[in-house]
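Dear colleague,

Please find the structure below, handed over for your records.

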Amino acid sequence: MPKVQTARGDKASFEFSGTAEKLFGEELDGFSDIKIVGEVEDSGKCYVVRGQIHCKKSFTCDRCLSQATANQVHEFEEEFDKSEAVEDLIDVTELLRDELLAGQPMKNLCKTDCKGLCPKCGANLNEGECGCDRFIADPRLVALEKVIREQ
């Protein structure tokens with residue numbers, strides 16, 4: 001569990017690395033090569049902890065369902081009241097875990113221009129066109145299409 005040494009009247013840097021289980025006490029699915037670098041600064045009235053979390057995230061692409069890995073960097077900065085320091089150590093476990101999880105994208109994509117799957121045959125369109133006619137008529141115009149065909 002990451003705890004940083006307070007810097008009385010100054011700044012002090014810190015660095016942690018390891019698995020999610022080692023760093024946060026629980027397994028976070030898909031995260032590996034977690035490295036945390038930062039500094040703690042005594043601002044007079046509180047301690048300011050800031051830095052970056054570097055990691056790799058393995059996931060299934062939300063569009064094409066292929067397996068992918070992405071390098072991620074998450075910035076963090078938090079103020080801690082001086083009373084939170086126990087024996088000149090501040091526990092930053094919860095801060096780091098929350099920043100890592102909150103920084104995840106709404107959609108996990110293998111690449112920004114992922115074409116996804118064909119809605120007709122299910123082929124991965126990133127690997128090439130499948131040849132299906134994927135035209136989907138606007139449901140508001142279906143009645144008009146019927147009238148045109150009847151003429």
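The notes below cover the basis of the values, then the salt bridges, then a surface patch.

This is a predicted model, in which local features need pLDDT of at least 70 and side-chain atom pairs count only at pLDDT 80 or more, while totals for chains, interfaces and linings use all residues. Residues are numbered from 1 along each chain as its sequence is written, and side-chain values use heavy atoms, with hydrogens and water left out.

A salt bridge is taken as a side-chain nitrogen of Lys or Arg within 4 Å of a carboxyl oxygen of Asp or Glu. The count by this rule is 10 salt bridges. Helices (H or I, at least four residues) and strands (E, at least two) are DSSP runs, numbered from the N terminus. For exposure, buried means under 20% relative accessible area, exposed means over 50%, and partly exposed lies in between (1.4 Å probe, protein chains only).

Glutamate 15 and lysine 35 form a salt bridge whose closest N and O atoms are 3.8 Å apart. This pair links distant parts of the chain, with glutamate 15 in strand S2 (residues 11–18) and lysine 35 in strand S3 (residues 31–42), 20 residues apart. Glutamate 15 is exposed at 51% relative accessible area, whereas lysine 35 is partly exposed at 36%.

Arginine 97 and glutamate 26 also meet through their side chains in a salt bridge, at 2.7 Å from N to O. Here arginine 97 belongs to helix H2 (residues 93–102) and glutamate 26 to the loop between helix H1 (20–24) and S3, 71 residues apart. Arginine 97 is partly exposed, with a relative accessible area of 24%, and glutamate 26 is partly exposed, with 32%.

In the salt bridge of aspartate 42 with lysine 82, the closest N and O atoms are 2.9 Å apart. Aspartate 42 lies in strand S3 and lysine 82 in the loop between strand S5 (67–81) and strand S6 (89–91), so the pair ties together parts 40 residues apart in sequence. Aspartate 42 counts as buried at 14% relative accessibility; lysine 82 is partly exposed at 29%.

A network of salt bridges links Lys11, Glu39, Glu41, Arg50 and Glu77.

On the surface, Leu141, Leu144, Val147 and Ile148 form a nonpolar patch with about 380 Å² of accessible area together. Patches are made of residues with over 30% relative accessible area and no salt bridge, like charges being joined within 9 Å and nonpolar side chains (Val, Leu, Ile, Met, Phe, Trp, Tyr) within 5 Å. Accessible areas come from the Shrake-Rupley method with a 1.4 Å probe; for residues, only the protein chains shown count as cover. Isoleucine 148 sits in helix H3 (residues 142–150) and is exposed, with a relative accessible area of 55%.

Yours sincerely
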